[in-house]
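Let's walk through this structure together, one part at a time. Please have the sequence and the 3D view open as you read.

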Amino acid sequence: MLFLTPEQHEIRQRVEALVRERIALIARDIEATHAFPQQAYEAFASEKLFALAMPREYGGSEADATSLALMVETISTASPSSALLVFPTNAVLRTIAITGTREQKKRLFAELKSGDKPMGFCLTEPDYGSDAAGMQTKAEPTEGGYSLSGSKVYITLGQHARYYLTFARTGPGPQAGGISAFLVDREAEGLDFGPPEKKMGLHGSITSQMYMNKVFVPENMRLWAEGEGWRVLADVANPMRVWGAASMALGTAQGVLNDCLKFAVERRLLAEQGIAFALADMEMAVEACRSLNYRVCRLVDDHRSSARQVESMVSMAKCFAADTAMKVADLASTVLGSEMAKADNASAQLFRVAKGIQIFDGSNQIQRLIVARNLAAKARDI
Ligand SMILES: Cc1cc2nc3c(=O)[nH]c(=O)nc-3n(C[C@H](O)[C@H](O)[C@H](O)COP(=O)(O)OP(=O)(O)OC[C@H]3O[C@@H](n4cnc5c(N)ncnc54)[C@H](O)[C@@H]3O)c2cc1C
């Protein structure tokens, strides 16, 4: 990044120091224990990273997409699982900042400004992942609010969040038309979580099924009007894909490259052309990805592009970054050889993370569909 604002620069430096001093050394243990990364949580809470996207007026840092991207990327170079503590959290805070009424922001941010409260994002259902608009979780009107029943799957943070931005059906449709967005309190009666999924990678990130059995949500915890949940998702939350998943992928790719470079120096392999070329290809891929990511973050931050353009660019960034992380992690075996066959090898761990990023936050196939759909619309104007 050539031109960072003083605020963006400050956030990057602060997170770099935190990662160097408190995360890098424990990153492998975080992956090995398959548990909630308590030490990373404490490190981030001490720096109030859970309130980064909150408006300054309410006690946060009002971080823009570029600043959030720098935070997520930097953490992911060492521990992508730890990045999943602050990524959904800030996605939810940003959504509240944009869609919340003054009363909602005052009330919720008064509690959340402590900067130590993780937040969950709940969209995916057992039978509705890519086709999220078909969701079946119901929110039925009741005295003073709604009663939510249904279940969500693959919920990052599981039971460890304070509130959950949850999408549920308040009307019959058509499809996305009948969906509303709610903030569900962790303490609400009828809310429960399954045990953490045993995943291929991202072992230090908790992912659980969420069960809602007549969970009462007061009306003042609905974001925007009834039936406008899909707009909350598509118009407001969607850019999280560039500063969230794409930045996680970029950091993951950079982490693999750093690991391989260190190994090549230690083993005096840099003079071998086969190894040097693999490293050069990794470096080119990472820098191309970084250029696209930062450009798209800037596009999100300057609010001057059309919704279609932002949607397309965000999808391109997510898909390209996840594929880049996969490509770089694949190339790592050229450098590391048998070291990479060990389950706890750092690059092997990141290889499994890269595959996960291709799947979550809208699979790469779905991102390609979005880009192709917008391209077809553009073609009509040529
Ligand atoms: C580690 C991890 C963390 C996650 N965290 C969260 C979270 O916090 N909150 C949350 O709500 N969700 C979360 N998810 C869920 C994630 O967003 C979904 O897994 C993802 O959207 C894909 O949905 P699915 O797995 O149901 O795949 P499906 O929709 O069942 O798709 C199966 C395959 O078919 C492809 N496919 C589907 N439709 C099409 C189409 N029209 N054209 C071409 N290909 C298609 C998909 O790309 C995929 O490869 C997480 C997932 C993972 C792995």
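The tour below goes from the domains to the ligand shell and then to a pair of helices.

Keep in mind that this is a predicted model. The protein chain is divided into three parts: domain 1 (6-112), domain 2 (119-232) and domain 3 (238-379). Take domain 2 and domain 3 to begin with; their centres, taken over C-alpha atoms, are separated by 29 Å. Five residues from domain 2 and seven residues from domain 3 make up the contact. On the side of domain 2 that touches domain 3, you will find two nonpolar, two polar and one charged residues.

Now turn to the ligand. Its shell draws at least three residues from each of domain 2 and domain 3. There are 22 residues around the ligand, and those that come nearest are Gly 129, Ser 130, Thr 156, Ser 363 and Gln 365. Two or more residues of the shell are given by each of the strands β1 (119-122) and β3 (145-156) and the helices α11 (346-359) and α12 (364-379). By class, the shell around the ligand has eleven nonpolar, nine polar and two charged residues.

Finally, look at helix α3 (residues 38-46) and helix α5 (residues 80-99). These two helices pack at an angle of about 45 degrees, with their axes 10 Å apart. Because of that angle, α3 counts as oblique to α5. The crossing in which α3 passes α5 is right-handed. Where they meet, α3 brings Ala 40, Tyr 41 and Phe 44, while α5 brings Ser 82, Leu 85 and Val 86. The residues of this contact divide into five nonpolar and one polar, with no charged residue.

Note on methods
Residues numbered from 1 in each chain as written. Predicted model: local features only at pLDDT ≥ 70, side-chain atom pairs only at ≥ 80, totals over all residues. Near = placed C-beta within 6 Å. Helix = DSSP H or I, 4+ residues; strand = E, 2+ residues; numbered from the N terminus. Nonpolar A, V, L, I, M, F, W, Y, C, P; charged D, E, K, R; others polar. Domains from an automatic or database assignment. Axes fitted to C-alpha atoms, helices over the stretch in contact; angles between N-to-C directions. Parallel < 35°, antiparallel > 145°, perpendicular 65-115°, else oblique. Left-handed = near helix turned anticlockwise from the far one by under 90°. Contact = placed C-beta atoms within 7 Å.
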